[in-house]
Each structure stands twice: as structure tokens, then as C-alpha cells.
Amino acid sequence: MPLSSPLNEAKRLDALYKLNLLDTPPSEAFDRITRMAARLFKLPIAAVSLTDMDRQWFKSRVGVEHCSIPRLKAPCAEVADSGGVLVIPDLLEDACFRDSGLAASGVRYYAGAPLTTADGHCLGAMCVLGLEPRVTTAEEMADLADLAAMVMSQIELQHALGRIDPLSGLPNRNQFIEDFQDLQRDRPRGEQRLAVLINLAKPEQLGNAARAMNSSFLDQLVRDAARWIREQIGPGGQVYHVAETQFALIAPPGMTVEAYVPTLREKMRNAVSSARSRYVATPSVGVAPFALGEADCLDVLRTAQSAAHDALGHPSHIAVYSSEADTAYRRRFSLLNEFGAALESSGQLRLVYQPRVDLLTGACVGAEALLRWTHPELGNVSPGEFIPVIERSAMAEATTAWVLETAMRQQRAWRAAGLELQVAVNVSAANLLEPDFVARVERGLYMYDLPPSCLELEITESAIMEHPARAHSTLEAIAAAGIRLAIDDFGTGYSSLSYLQTMPANVVKIDQSFIIGLEDDVRKQALVATMITLSRDLGHRVVAEGVENAEVQTFLQMTGCDEAQGYLFARPLEVASLLAWCGGATMVPPASARLASLVA
């Protein structure tokens, strides 16, 4: 009996497993062909027989009770190995099959035609069997070959009907949904199960690969992953290709998180170590427990995806779904959607202003514009919650535009009332990449008849480092327009000292993390004193954020800090309150008296 090479056999089995035919329910489309074969040959037995690793499994059968037989000494296995037609007039007279299981069961005649894919892989045979020896005519063999071709056409048709991903060869998201519904119907309600989602790479890795290579890289990544996932899950497991670079499966019944995650971790370690993409892609795995009959299919997928996203922050890149983390993520996503409406409506967004005080004279020399959001249903949303979400979204540019417009309009109103203050506005990384950002700021200043020096734009080092060359070009243009620049959150970025030399900044703002608790921390005092001295030596004005008590203010004055802001002077103030505060009508005494009382 000719045998295929191990490599060819591995490829043949891979082609078979991609079709996801094994252990599937009977299908009338195949049964019709099998009945036709039995009638044409006037034989009691016919089958569509698929050759697995160690068995012949019958997708369709007539005259056979069992659904599989051992592969060893099965005539269909020889068809799969050779890829050719096999006719055995009498099994008892054949040296290879006289002692086979079929011969022992009373079968004397066999004829099989190969089921061959377009790639040349033989999946098994369309076969007919009789209980008496028999001669086969050429016309009958032609009919059997036609029937085998009909079976393959049916396989290819099912494969193309929106249930199989053509790239991976795995059932797709639609099939996952259908099978999940079947599982809910067939298994006991409340049975605890585990959904697993495998994400092949981080978004930035896919983006980098798309820039550096053609689309065939992603295709190969998916094919490679489909192969190693199937190998690790084994023949009894079903894997689904649910998104471009995501695969899902349902763990076997009875599996617990405690038992399954270590197994999953070991399987992933084995698979990734041999994957061709291991140096350019980082797979992550999310595990989501759910109860049958109580969970929506799409929500199970979503929670598994949420866990896979969280897994990127775990050393093993495997994480179990956390309802707390998911609730927080859904809250952030909800805020992102709601903020778009807030930008377009009136009354939800407003600016408050925190004064900046000259530490030498005690005068209010400026204020930082801070965005506040009052949602009609959620109430006041903390800026610490919504601003980081907005800064990472497509709304960052529009948000800065709204803040600049509102701040400049308020500047015009203050000046009309006799109050001239410099207003500082925070700028995100996205703004530095806008080609017309500086021109729009200049247009705003012109429209409100404001001098460029009345506006200060605050930029963090981390924002600049995202795209250093383009950011520096924008910063140079801002400085050339006469608009003041401040390095915000100084000391928390990448290379603070080197950026002091190259940025066209006027002001350095020392982050509050260095200021809060300064009075009791000698190391902080040394760091802050060094920052102040270095910044001033390089020609920058220094502002300390987060000043909350007189002891810290005194230290800053002694070390040469120019300005400060913080709760010691004032919390962020509404427009009317700031006007009164600067006029000395409320909250604090006049500037000179304030300074005297604070340094006494």
C-alpha cells in the first residue's frame, strides 16, 4: 500500500481540518449523492468517507450503522494516500485487505474514487461496497468519479456560503453565532463555560507591518495562526475566525478558569515559540466565563475581546475577563460618544480659570483655562476621567479648537472690562500635527483683536515625542507668531533637560507631583531647586503647579521660582469669580497684602 510522506500527510490533514467537516451532523445534500451511488451500483452500502489521522469518518452513509472505522487497513485510507481510484473485486482474495476489519464484517467488494481539493489534497473517498465479489465496468467507474466530483462541489459550495473564512479556512463569526445558539439549546441551562479569544497582534504592530510589507504579510500571519491554533486545540476542538486577526473557541464542558488558564498558557507558549511571526506580533488571549442560556453570544465575544485587550498588560499576555475593568472601559466609551454631542450643543461645556500668581509681587499675572463638563444626565464629569479619553480620540483637535475659541472670546470680554490677563491653554499631541493649527490660532487672535502675547499654549514633553520633527516645526511657528509657549508637567516626560535646550519655550511648569509634599521631602526639595536654577539659567520663566501651603510657597520664593498656582491661592474659578478675585472683592486680600501674609 503506497504511503504519502509525513509532510504531504500533514498538509492533507490541514486541508481536511480547514473544511470543518469532521463530526458535523448529517446533511441531505450529501445523503442524496450517497443514495444515488448505492442505486447506480445496485449495492447495499455507500459512503462519503473522510480520512482522519486514525479513522475513516463517514460524512454520509447508506447501509452502515456506525459513523467511523479505524483507518488501519481501510481501503479508503489507501485512496487518500495514493490520490487514485481503488477497486477491490474481492477483499478475501486481496493480500492487503483479506484480514481487514471490512473483510471480517462480511464485505467482499469495494470501489472508491478520490475526493480531491483544488489544491490536490485527497480528503478521502466516495465509495461503494458489496457483500459479494463483483466486476466493475469502465462506465461504472466513470459514474463513481462523477459522484466524487459532485461531493467535492457540495463541499466547496458549503465552504463558500458565508460560513467559512476563505483565508484561514475556519468557520467565521456567523458560524460562531449559529453554533453558540445551538450550544445554548442543546446543553443544560446555567452550565458554566469559558469563551476564549486570541488576538494575533497589537494594533500598532499591524499598522507597522502594513507600512513595511504588503498585504501578503497579514494573510500569512492569519494562515500561520490558524494552523498553530488548530494544532494546539486538537481535533476535538472547534476554532472560529471571528475578526480579521482574532480567533475564538469555547472550552470543553467542565473546564474552570483555574484549571484551563495554566493549560492555555502552556499551549500558547508552545505555539508562539514556533510561530514565524513571533518577532513582529504579540498575541494576547482573553478568557470570558459565561453561563449557557443566560448570555448573549455577541456579549460573550465582547467580554472575551475586552479580556484580550487587558491581557496586553499582563506578562503572560493572558487575562480573565474583569467586570470592573469592563465597566470602566464601557464608561470611557460612553463618555467618548456623549462628548461629541457636548461639543455640538450649548450649555454642557464651560471653562474655569485657575489664577497664576507672581511670587515676587503677589499679583495675578495669568490664569490657566481648564475644561469642565456638566452632562444633562451624568452630572459633573471629572476632567481627570474624560480628558485623557478625549486626548486619545479623533475629537482632540475639535476640543482644543473649542477651548481656544472660548478662551479668546473671554479674553476679549475681560479686556473690555479692564482686566488684562495672560490665559494658558493646554494643547494635545494631535494639535501639533495639524497643518493649519498655527494659522487658525492667529486668525482667532485677529478676530478678537488680541495681541499674541496674551495667549500661552501649554505642551507636554510626551506630546512632542510622539512625532518630534513635525511637533518642533509647529512649535517654531507658534513662537515666530509671538505666542508664548510653556513646557507643561516638566519632569515627567522623556528627556526633560535636553528639551530645555531645543524647545522655543518661554515658560517651564514644574509638575505638581514634585510640589505636593515638598515641605517634608528633602529629595524633592533638591530636585525642584535644581529644576528652577537650570530653567532660569536657560532663560525660562518657572511656574510651580500644585502649591497648597505657605511652607512650599516660601521654599519656592527662596529658590527663585517666578510664579505659582494651586489651592493656596485659589481653586479653578468660574468667570465671574475670577474677575472678583483679581479685583480683590472676594476670596483673598489684594496682591501685596497676600504676599506679606504668606511670607511672614
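In the predicted model, the largest nonpolar core comprises 73 residues, of which Leu457 and Leu556 touch the most other members. With residues up to four places away in sequence set aside, the contacts of Leu556 are Leu359, Ile515, Leu518, Val528, Ile532, Ala544, Val547 and Cys561. A separate second core holds 30 residues, among them Leu22, Ala37, Ala46 and Val48. In soluble globular proteins, nonpolar side chains tend to be buried together.

For the chain as a whole, 23 helices and 20 strands are assigned. Its radius of gyration is 36 Å, whereas the globule rule gives 25 Å for 600 residues; the value is well over that figure, so the chain is more spread out than a compact globule. The C-alpha trace spans about 115 × 50 × 45 Å along the principal axes. Of the 600 residues, 48% are buried. When contacts between residues at least 6 apart in sequence are considered, 67% of them join residues at least 24 apart.

The accessible surface of the chain amounts to about 28,300 Å², and carbon and sulfur atoms account for 55% of this area. Charged side chains number 53 positive and 72 negative, and the centres of the two sets are 2 Å apart.

Several loop positions were examined individually. Ile164 is located in the loop that runs between α5 (138–160) and α6 (173–186). Its relative accessibility is 13%, under the 20% cut-off, and Ile164 therefore counts as buried. Apart from neighbours within four places in sequence, Ile164 contacts Asn20, Gln158, His159, Gly169, Leu170, Pro171 and Asn172. The C-alpha atoms of Ile164 and Ile33 are separated by 23 Å, the two residues being 131 residues apart along the chain.

Backbone geometry was also considered. Most residues other than glycine have a negative phi. Asp23, which is not a glycine, has a positive phi of about 60 degrees. Asp23 is found in the loop between α1 (6–19) and α2 (28–41). A positive phi, near 60 degrees, also occurs at His317, again a residue other than glycine. His317 belongs to the loop between α10 (297–311) and β11 (318–320). The relative accessible area of His317 is 23%, and this residue is therefore classed as partly exposed, the range for that class lying between the buried limit of 20% and the exposed limit of 50%.

Notes:
Residues numbered from 1 in each chain as written. Predicted model: local features only at pLDDT ≥ 70, side-chain atom pairs only at ≥ 80, totals over all residues. Heavy atoms only, no water. Helix = DSSP H or I, 4+ residues; strand = E, 2+ residues; numbered from the N terminus. Rg over C-alpha atoms; globule rule 2.2 N^0.38 Å. Buried < 20%, exposed > 50% of the residue type's maximum accessible area, 1.4 Å probe, protein only. Contact = heavy atoms within 4.5 Å. Areas by Shrake-Rupley, 256 points an atom, 1.4 Å probe, with all protein chains shown as cover. Lys, Arg positive; Asp, Glu negative; His and termini not counted. Charge placed at Lys NZ, Arg CZ, Asp CG, Glu CD. Core = buried A, V, L, I, M, F, W, Y, C linked by side-chain atoms within 4.5 Å.
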